[in-house]
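Try each task before reading its solution.

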Amino acid sequence: MQYGLDPIFDENSKVLILGSFPSEISRKAGFYYVNKRNRFWNVLAKVFNTEIPETNEGKVKFLLEHNNAIYDAICSCDIKGSLDKNIKNAVPSDLSPIFNKAKIEQVFANGTKAYDDCETCLKAQILKATNKDIIKLPSTSPANTRFNLETLAKSWEVIRTDI
């Protein structure tokens, strides 16, 4: 059994971005989207027209400054490697600590697996907290070769709360 990471959020978070489950690299490092090939941080930097923070502390600050929160739809599972297709015995995350403290207005899923897990296991909790359906965004994973960085960033602009 592998365990995910703690959520990153504060009381001002308005947008919750849910991945499926952290990659093997991220689990070992103890931080989100550590794999240099994953375009998550590059996409957010483009969306917010800023530089990519270099440190984990800088990334946390960056997320919170833009009222974003991140977590995963799955808090624990059996998995070999990092591929979503290898996830077995998934345990859904409890989003109530985030919803109880933050002002989440919208939940976005980073890719199909995260979206499917949200729809299957977390939909009622998300609807109760936000009164809005989950929005599926194209995955920032390097396995998603259909989208280049520019196209991803354009799709992800919907996470901005300031426009």
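This is a predicted model.

**Exercise 1.** Find which residues Asp117 touches, leaving out those up to four places away in sequence. Then decide: is Asp117 buried or exposed?

*Solution.* 
- Step 1. Asp117 touches Ala73, Ile74 and Leu122.
- Step 2. Asp117 sits in helix H5, which spans residues 112–130.
- Step 3. Read the accessibility. The relative value for Asp117 is 11%. Buried means under 20%. Asp117 therefore counts as buried.

**Exercise 2.** Determine how many residues of helix H2 (residues 40–47) are buried, and what covers them.

*Solution.* 
- Step 1. Count. Six of the eight residues in H2 are buried, so the helix is mostly covered.
- Step 2. Name them. They are Phe40, Trp41, Val43, Leu44, Ala45 and Val47.
- Step 3. Look for the cover. Among the elements over these residues are strands S2 (15–19), S3 (68–72) and S6 (106–110). Helices H3 (56–65) and H6 (149–156) also contribute.
- Step 4. Check the residues that follow. Just after H2, Asn49 has a positive phi of about 50°.

**Exercise 3.** Describe the second largest pocket: what is its volume, and which residues line it?

*Solution.* 
- Step 1. Take the volume. The second largest pocket holds about 170 Å³ of space.
- Step 2. List the lining. It consists of Tyr33, Val34, Asn35, Lys36, Asn38, Trp41, Asn42, Ile52, Glu54, Asn56 and Lys59.
- Step 3. Assign helices. H2 and H3 each give at least two residues to this lining.
- Step 4. Sort by class. The lining has four nonpolar, four polar and three charged residues.

Definitions and conventions. Residues are numbered from 1 along each chain as its sequence is written. This is a predicted model: local features need pLDDT of at least 70, side-chain atom pairs count only at pLDDT 80 or more; totals for chains, interfaces and linings use all residues. Side-chain values use heavy atoms; hydrogens and water are left out. Helices (H or I, at least four residues) and strands (E, at least two) are DSSP runs, numbered from the N terminus. Buried means under 20% relative accessible area, exposed over 50%, partly exposed in between (1.4 Å probe, protein chains only). Contact means heavy atoms within 4.5 Å. On a 1 Å grid over the protein atoms alone, a cavity is a set of points where a 1.4 Å probe fits but cannot get out, and a pocket is an open set with protein on both sides within 12 Å along at least five of seven lines; lining residues have an atom within 4 Å of a point. Grid points are joined across faces, edges and corners, and a volume is the space filled by probe spheres set on the points. Ala, Val, Leu, Ile, Met, Phe, Trp, Tyr, Cys and Pro count as nonpolar, Asp, Glu, Lys and Arg as charged, and the others, Gly among them, as polar.
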